[in-house]
Amino acid sequence: MSALTFHADLQRWVEEVAHHCNPKEVYWCDGSAKQFKELADELVASGTLLRLNASKRPNSYWAHSDARDVARVESKTYICCENEEDAGPTNNWRAPLEMKATLTDLYKESMTGRRMYVIPFSMGPLGSEFSIIGVELTDSAYVVLNMMYMTEVGNSVLEKLGEDGRFVKCLHSVGAPLGSETESDVPWPCNPDNTYVAHFPETKEIWSFGSGYGGNALLGKKCLALRIASSMAKDEGWLAEHMLILKLTSPAGEVHYIAGAFPSSCGKTNLAMLVPAIEGWKAETIGDDIAWMRFGKDGRIYAVNPEKGFFGVAPGTSYKSNPVAMDTIRSSAIFTNTALTEDLDVWWEGIDNGTSAFTDWQGNRWDPSSGKPAAHPNSRFTVSASQSPKIAPEWQDPKGVPISAILFGGRRSSLVPLVTEAFNFSHGVFMGATMASETTAAAEGQVGQLRRDPFAMLPFCGYHMADYFAHWLELGAKGDESKLPKLFLVNWFRRNEAGKFMWPGYGENARVLKWILDRVQHRVEAKETPLGLIPYTNDLDVSGLNMSDHELDQLFEMDIEDLLNEVDSIESHFASLGSKLPEALRKELDLMRSKLV
Ligand code: GTP
Ligand code: SPV
Ligand code: MN
């Protein structure tokens with residue numbers, strides 16, 4: 001046992017789990033660079049990690065997963081509360097006792113031949129009254145290294161916990177015991193046939209089994225900071241959201257903070273690291289994936305990024321699309337499921353740096369004529385946020401940053417305009433509640449299928465989605481509308497008849513943000529449409545973009561027939577959420593329909 005903790009409940013839990021899972025030893029993670037190196041060296045020796053070319057990518061590693069364990073598994077993610085009704089129709093549900101019985105059987109001796117790591121971690125800066133401490137027990141050293149980049153880990157957390165501090169118990173096993181001391185291990189142990197990512201919001205516990213990848217295994221991120229936290233937030237009157245947080249400074253020196261909910265792999269990291277394509281504007285990052293928001297004393301909404309690192313999508317990242325990310329990952333990063341160049345640097349589709357892949361994400365010689373991508377579409381980098389050259393100085397301010405605007409956005413190849421402002425807060429909640437997006441490789445399953453993903457929280461809301469909408473409406477009603485963030489729907493992904501993106505995106509998105517801040521500051525009027533308020537042509541700065549008036553109009557085109565179909569589709573979306581759907585949202589839908597007919 002750790003000499004450092006006198007926390008009886010923690011000690012007892014660690015002993016219990018060790019007794020049941022049967023690891024060969026228990027390893028307390030102290031958060032030191034020495035331990036990081038020790039574990040990384042071991043993983044290199046055992047073949048899980050490959051050390052990248054030190055002259056190109058110092059202190060960096062590459063891992064490739066089992067081909068069956070490459071993304072979040074929504075079909076195996078469960079909310080286990082006493083009443084099924086509390087989980088709601090969008091979550092998989094199991095009774096807590098039933099799920100615990102199933103998993104207790106699976107965990108039995110599941111760590112045989114492996115070490116069990118104890119990772120004390122904090123989501124949010126230590127010492128902030130809003131931070132949440134967790135302890136993850138895992139049999140994966142790869143998970144330890146990733147958690148060290150993504151969260152605050154180690155002795156400082158144990159000290160903060162003291163003898164009786166509260167923490168979220170996070171249990172993780174890859175579910176691949178080694179039969180004997182001498183059995184050789186595979187590079188990426190996992191158990192895809194028996195994968196479960198289970199949440200117990202009432203007792204604030206997380207039990208994950210069978211997967212070593214991303215959000216399935218780094219339990220501080222989606223499991224704690226979104227699913228468990230969203231359920232706590234509902235009870236305590238705050239919000240835990242799948243949102244980036246961006247700091248924008250105008251040429252006149254005005255500072256505004258913007259949050260944005262985009263579904264997985266739909267542009268949060270890129271917007272959070274935006275390099276404005278328009279003169280004089282400056283952007284800095286507060287966070288790229290999760291925002292915890294609550295009212296400040298002045299009646300404004302403040303947002304905190306509870307993470308310490310980025311677990312970002314690699315494909316599409318280049319010096320052209322996202323130079324800030326490229327600079328952030330120049331050293332001390334872990335790459336998972338990217339391809340490799342011949343001289344052992346990383347490579348992915350769209351890296352656009354004149355190199356080419358030599359081996360694919362599984363480590364096999366890549367054949368460009370195979371038609372298969374070299375990097376897995378959900379390949380990712382893990383890196384400490386402090387390495388970013390554009391991290392805002394206040395990014396870990398415990399009280400957070402005041403939010404002027406919240407964007408909702410998804411991949412919509414048609415129908416949804418480049419930008420639409422909500423008529424008011426409750427209409428904005430309607431926009432969030434009805435947003436839809438074409439699916440991506442961030443989760444198992446088919447890519448490109450349009451689905452409703454309310455507030456980009458479909459896979460991450462820890463309770464009934466209709467209650468979640470009601471919670472947003474209630475918070476809005478508590479606030480003073482003039483101090484609440486203004487809400488907007490954006491779409492960088494509209495395509496023309498030829499299937500090409502109509503908007504250049506990335507740094508050019510600053511043009512849309514400029515208009516949004518003009519609206520926040522009441523500097524420009526906006527045009528009313530059935531969907532919301534859109535810019536008058538001259539108010540959207542497209543100077544130097546080489547876009548014809550016709551192309552610009554197309555980005556805002558609304559076809560009445562399409563919109564009526566959308567109304568029908570929202571109608572069935574709402575119906576699928578059952579009788580708890582707030583009346584205010586039904587009214588918004590009626591209002592939208594009435595504007596169309
Ligand atoms: P998660 O980490 O899964 O939550 O994803 P994310 O929302 O942070 O998405 P990210 O910014 O990593 O973008 C995912 C993919 O979308 C990348 O391949 C990007 O290159 C691409 N992308 C991001 N922004 C834009 C944009 O403005 N236009 C276009 N066309 N593509 C974009
Ligand atoms: C997402 O899917 O939204 C991610 C990646 O940010 S993961 O952490 O794997 O969930
Ligand atoms: Mn995400």
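Ala, Val, Leu, Ile, Met, Phe, Trp, Tyr, Cys and Pro count as nonpolar, Asp, Glu, Lys and Arg as charged, and the others, Gly among them, as polar. With these classes, the shell around ligand 1 has eight nonpolar, nine polar and four charged residues. The model is predicted: local features need pLDDT of at least 70, side-chain atom pairs count only at pLDDT 80 or more, and totals for chains, interfaces and linings use all residues. Residues are numbered from 1 along each chain as its sequence is written, chains are lettered from A and ligands numbered from 1 in the order in which they are written, and side-chain values use heavy atoms, without hydrogens and water.

**Ligand 1**

In total, 21 residues surround ligand 1. A residue belongs here if one of its heavy atoms lies within 4 Å. The closest are Ser265, Lys268, Thr269, Arg380 and Tyr506. Helix 9 (residues 268-272) gives the most to this shell, with three residues. Helices (H or I, at least four residues) and strands (E, at least two) are DSSP runs, numbered from the N terminus. Domain 2 (240-308 + 396-596) and domain 3 (310-387) each supply at least three residues of the shell around ligand 1. The domain bounds come from an automatic or database domain assignment.

**Polar contacts**

A polar contact is a pair of N or O atoms within 3.5 Å; within protein, one must be able to donate a hydrogen and the other to accept it, and residues adjacent in sequence count only if both atoms are side-chain atoms.

| Ligand | Residue and atom | Distance |
|---|---|---|
| Ligand 1 | Cys266, backbone | 3.3 Å |
| Ligand 1 | Pro315, backbone | 2.9 Å |
| Ligand 1 | Asn509, side chain | 3.1 Å |

Taken alone, ligand 1 exposes 660 Å², and the protein buries 93% of that. Such areas come from the Shrake-Rupley method with a 1.4 Å probe; for residues, only the protein chains shown count as cover.

**Ligand 2**

The residues around ligand 2 include Arg72, Lys222, His242 and Asp289. By class, this shell has three nonpolar, four polar and five charged residues. Helix 7 (214-217) and helix 8 (220-236) each supply at least two of its residues. A polar side-chain atom of Arg72 lies 2.8 Å from an oxygen atom of ligand 2. For Lys222, the distance is 3.0 Å. Taken alone, ligand 2 exposes 280 Å², of which the protein buries 98%.

**The manganese ion**

Lys222 (NZ), His242 (NE2) and Asp289 (OD) coordinate the manganese ion (ligand 3) at 2.2 to 2.3 Å. Lys222 is in helix 8, while Asp289 is in the loop between strand 15 (282-287) and strand 16 (291-295), 67 residues apart. Donors are N, O and S atoms within 2.8 Å of the metal (3.2 Å for Na, K and Ca); water is not among the atoms, so sites may look incomplete. Along the chain, the donors follow the spacing K-x19-H-x46-D.
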